[in-house]
Amino acid sequence: MKKIVLLGYMGCGKSTIAQNLSKITNIPFLDLDKCIENRVNLSINEIFEQHGEIYFRKLEREIFIELLQSPENSIIGLGGGTPCYANNHELLKREDVTSIYLKASIETLYNRLVHNKSKRPLIADMNEEEMREFIAKHLFDRSFYYNQAQYKVTVDDKSIEETVQDIIAVLA
């Protein structure tokens, strides 16, 4: 019951890469945020608005642990903040977990996020300069947690296929 856990900042490609990895490896992909939304029948935004961040983070940890304890092999895509709260980064060190940090530069993240920022409540109302600064600060704050992953795969200037091949090489 091996778990492959992909983590990294929003826009690094966790979901897209996990879906492609899933097709190649035939290991099912579970998106933690989607699992949370399905559990409470609310979007992540609605959970934050109606119940607040503390409620969300407790639910996130609870469901993350359930996914890790399930008997099936799976690829789990975490939310960008998941490793940074409730000692979730400690769960990345389990023997049945292979954790991979999809590392992207500020420039790569900015270029990916600027086009669909309306879907991202944290950055939806920011101008370009605010957004760049926000990403840089956030990435700095979170890097300690992201770097707890067993492996790092850089996504800058790589296609989805190249990144997936890098991950397959790590898993081999």
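**Exercise 1. Lysine 158**

Which residues does lysine 158 touch, not counting residues up to four places away in sequence? Find them, then describe the setting of this side chain.

*Solution.* Before starting, note that this is a predicted model, where local features need pLDDT of at least 70, side-chain atom pairs count only at pLDDT 80 or more, and totals for chains, interfaces and linings use all residues. Residues are numbered from 1 along each chain as its sequence is written, and side-chain values use heavy atoms, with hydrogens and water left out.

- Step 1: locate the residue. Lysine 158 sits in the loop between E5 and helix H7 (160-171); helices (H or I, at least four residues) and strands (E, at least two) are DSSP runs, numbered from the N terminus.
- Step 2: list the neighbours. Leaving out residues up to four places away in sequence, lysine 158 touches Thr163 and Asp166, where contact means heavy atoms within 4.5 Å.
- Step 3: look for polar contacts. The side chain of lysine 158 makes one with the side chain of aspartate 166 at 2.5 Å. A polar atom of the lysine 158 side chain also lies 2.7 Å from the backbone oxygen of threonine 154. (A polar contact is a pair of N or O atoms within 3.5 Å; within protein, one must be able to donate a hydrogen and the other to accept it, and residues adjacent in sequence count only if both atoms are side-chain atoms.)
- Step 4: check accessibility. Lysine 158 has a relative accessible area of 30%, so it is partly exposed. (Buried means under 20% relative accessible area, exposed over 50%, partly exposed in between, with a 1.4 Å probe and protein chains only.)

**Exercise 2. Helix H2 against helix H3**

At roughly what angle do the axes of H2 and H3 cross? Describe the packing and its residues.

*Solution.* 

- Step 1: Two packed helices are described by the angle between their axes and the distance between the axes.
- Step 2: read them off. The axes of H2 (residues 32-40) and H3 (residues 44-69) cross at roughly 110° and come within 9 Å. (Axes are lines fitted to C-alpha atoms, for helices over the stretch in contact, and angles run from 0 to 180 degrees between N-to-C directions.)
- Step 3: classify. H2 and H3 are therefore roughly perpendicular to each other. (Angles under 35 degrees count as roughly parallel, over 145 as roughly antiparallel, 65 to 115 as roughly perpendicular and the rest as oblique.)
- Step 4: inspect the contact. Residues of H2 including Leu32, Cys35 and Ile36 meet residues of H3, among them Tyr55, Phe56 and Leu59. By class, the contact of H2 with H3 has twelve nonpolar, no polar and six charged residues. (Ala, Val, Leu, Ile, Met, Phe, Trp, Tyr, Cys and Pro count as nonpolar, Asp, Glu, Lys and Arg as charged, and the others, Gly among them, as polar.)
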